[in-house]
Amino acid sequence: MSDTKSRRVIAFSLSYDPFWGGAEVAIREITSKLPDYQFDLITALLDGNSPRVEEKGNIRIHRVGFAKRNPAPSDLLRLPWYLTKVFYPPLSFFKACRLIMKERPAFLWAVMSYNAIGASLASMLFRVPLLITLQDGDSVEHMFKRARIRPFVWLIRSAFKRARAVQAISRYLAGLSKSLGFKGEPVVVPNGVDLRVLSEVDAKETAALREYLKLPEQGTILVTTSRLVPKNGVEYVIRAMPELPEVIFVIAGDGPLRAELEELARSLGVEERVRFAGALAHKDVAPFLKLGSIFIRPSLSEGLGISFLEAMAAGVPIIATQVGGISDFLFDPEKDAGAEPTGRAVERKDVPSIVRAVHLYEGDREMTERIRKNARAAAEKYDWDLIAARMKEEVFDRLS
């Protein structure tokens with residue numbers, strides 16, 4: 001096998017550019033920092049404006065399926081456009097077969113469990129090693145209840161059983177891989193953050209954003225970057241707002257729950273203090289975070305929680321539940337007495353604990369500053385350069 005072939009990887013991800021989430025950002029950052037590797041990424045065509053094949057650096061993007069132009073997030077949940085997601089496993093399998101027959105890769109890389117279906121079938125047919133990166137933020141129970149996933153549950157479990165390697169982004173997900181059938185020892189390498197971008201924010205950008213959102217210069221501003229889906233728990237922050245009469249809550253994100261959450265804010269009489277900013281481009285996340293006194297997302301489940309790490313790197317103290325991978329980096333001054341505090345922990349679906357956490361930040365400036373300093377130091381371990389180097393040494397090089 002030549003050096004070129006031994007460094008070629010076929011990756012699988014349901015979504016990619018222009019649809020960015022934690023998993024998609026991880027693919028972009030890791031691939032861009034490993035110039036010795038060449039990547040073919042098979043993704044779903046979710047926007048009809050996107051080209052079928054596109055090259056960006058050392059990654060060639062192949063889009064499969066069909067889509068409307070300029071879809072709203074809600075469009076992707078409706079027929080017929082939802083079928084592109086449903087048919088992604090077989091479409092990705094057939095595309096992978098064609099790519100493998102042209103040039104055999106070192107291994108196949110499935111990012112998230114659903115995307116392992118087509119990758120596993122191609123791996124089995126051509127006897128190419130399979131790597132699964134476990135990034136899933138939903139619980140197994142919720143994930144396997146999704147309409148598009150239910151018919152493929154046995155194939156997902158089969159993929160984990162035959163995988164050569166599993167890389168998980170948190171200790172929680174590493175344990176989950178064993179319950180899904182992986183027989184080896186998973187490697188834990190988390191997602192990362194761009195420390196430079198998050199720490200070097202132009203004050204003018206933040207000021208312009210503050211003016212656009214009509215935010216006061218003084219007072220407590222809660223911010224969140226969250227898809228508006230049940231697992232992110234945004235509902236419970238809105239329900240806490242009547243008990244936080246001087247606080248403003250700004251939400252960056254969109255999703256199927258937006259109309260319902262806007263109605264909830266109106267019914268509670270807090271619509272003037274709950275601002276829906278819509279989805280942000282990734283480049284706008286840093287100035288948005290700098291608006292906040294506190295970053296908050298009381299997640300019901302979380303694979304890791306890159307948004308929390310971004311807030312920590314930006315110097316914004318966090319409020320979160322200690323579910324899933326969040327427990328790897330969130331240490332509460334009251335609940336985790338043996339560790340240096342990095343944030344305030346709340347319970348799932350618990351409005352009073354959210355109100356209390358906000359008041360604790362407001363009332364104890366010394367502890368707030370201690371948390372901010374510790375959180376910034378903890379975030380430095382998640383720098384993308386370090387993460388990409390670990391992925392190369394601990395995962396990729398062992399398979400190629």
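These are legends for a handful of close-up views of a predicted model. Local features need pLDDT of at least 70 and side-chain atom pairs count only at pLDDT 80 or more, while totals for chains, interfaces and linings use all residues. Residues are numbered from 1 along each chain as its sequence is written, and side-chain values use heavy atoms, with hydrogens and water left out.

**View 1. Helix 4 and helix 5 cross at roughly 40 degrees.** Helices here are DSSP runs of H or I with at least four residues, strands are E runs of at least two, and both are numbered from the N terminus. The axes of helix 4 (residues 88-102) and helix 5 come within 8 Å; an axis is a line fitted to C-alpha atoms, for helices over the stretch in contact, and angles run from 0 to 180 degrees between N-to-C directions. This crossing is right-handed, the label for a near helix turned clockwise from the far one by less than a right angle, with left-handed being the anticlockwise case. Helix 4 brings P89, S92, F93, A96, C97, I100 and M101 to the contact, and helix 5 answers with I117, G118, L121, A122, L125 and F126; contact means heavy atoms within 4.5 Å. The tally for this contact is eleven nonpolar, two polar and no charged residues. For that tally, Ala, Val, Leu, Ile, Met, Phe, Trp, Tyr, Cys and Pro are nonpolar, Asp, Glu, Lys and Arg are charged, and the others, Gly among them, are polar.

**View 2. S123 sits in helix 5 (residues 116-126).** With a relative accessible area of 1%, S123 is buried. The cut-offs are under 20% for buried, over 50% for exposed, and partly exposed in between (1.4 Å probe, protein chains only). Set aside neighbours within four places in sequence, and S123 touches L108, V128, P129, L130 and R162.

**View 3. Helix 14 and helix 16 make a left-handed crossing.** Here the axes of helix 14 (residues 306-313) and helix 16 (residues 365-379) come within 7 Å, at a crossing angle of roughly 115 degrees. On the helix 14 side you'll find L309, M312 and A313, which meet A375, R376, A378 and A379 of helix 16. Six of the residues in this contact are nonpolar, none is polar and one is charged.

**View 4. Y37, F39, F107, W109 and F396 form a cluster through ring pairs.** Rings of Phe, Tyr and Trp (its six-membered ring) pair if their centres lie within 6.5 Å; planes under 30 degrees apart are stacked, over 60 edge-to-face, and the rest tilted. That rule gives eleven aromatic pairs. Take F39 and W109: the ring centres are 6.2 Å apart and the planes at 55 degrees, so this pair is tilted. F39 belongs to strand 2 (residues 38-44) and W109 to strand 5 (residues 107-111), 70 residues apart, so the pair links distant parts of the chain. F39 is buried at 2% relative accessibility, and W109 is buried at 2% too.

**View 5. F66 and W81 pair up within a loop.** The ring centres of F66 and W81 are 6.3 Å apart with planes at 55 degrees, so this pair is tilted. Both residues lie in the loop between strand 4 (59-64) and helix 3 (83-86), 15 residues apart. F66 is partly exposed at 34% relative accessibility, and W81 is partly exposed at 26%. P80 is found in the loop between strand 4 and helix 3 as well, and a cis peptide bond joins L79 to P80, with omega about 5 degrees.

**View 6. Helix 2 (residues 22-32) is mostly covered.** Eight of its eleven residues are buried, namely A23, E24, V25, A26, I27, E29, I30 and T31. These buried residues pack against strand 2, strand 4, strand 5 and helix 17 (384-399). In the loop between strand 1 (8-12) and helix 2 lies P18, and the D17 to P18 peptide bond is cis, with omega near 15 degrees.

**View 7. M112 and K349 have positive phi values.** Most residues other than glycine have a negative phi. For M112, in the loop between strand 5 and helix 5, phi is near 90 degrees. For K349, in the loop between strand 14 (344-346) and helix 15 (351-363), phi is near 55 degrees. M112 is partly exposed at 25% relative accessible area, and K349 is partly exposed at 48%.
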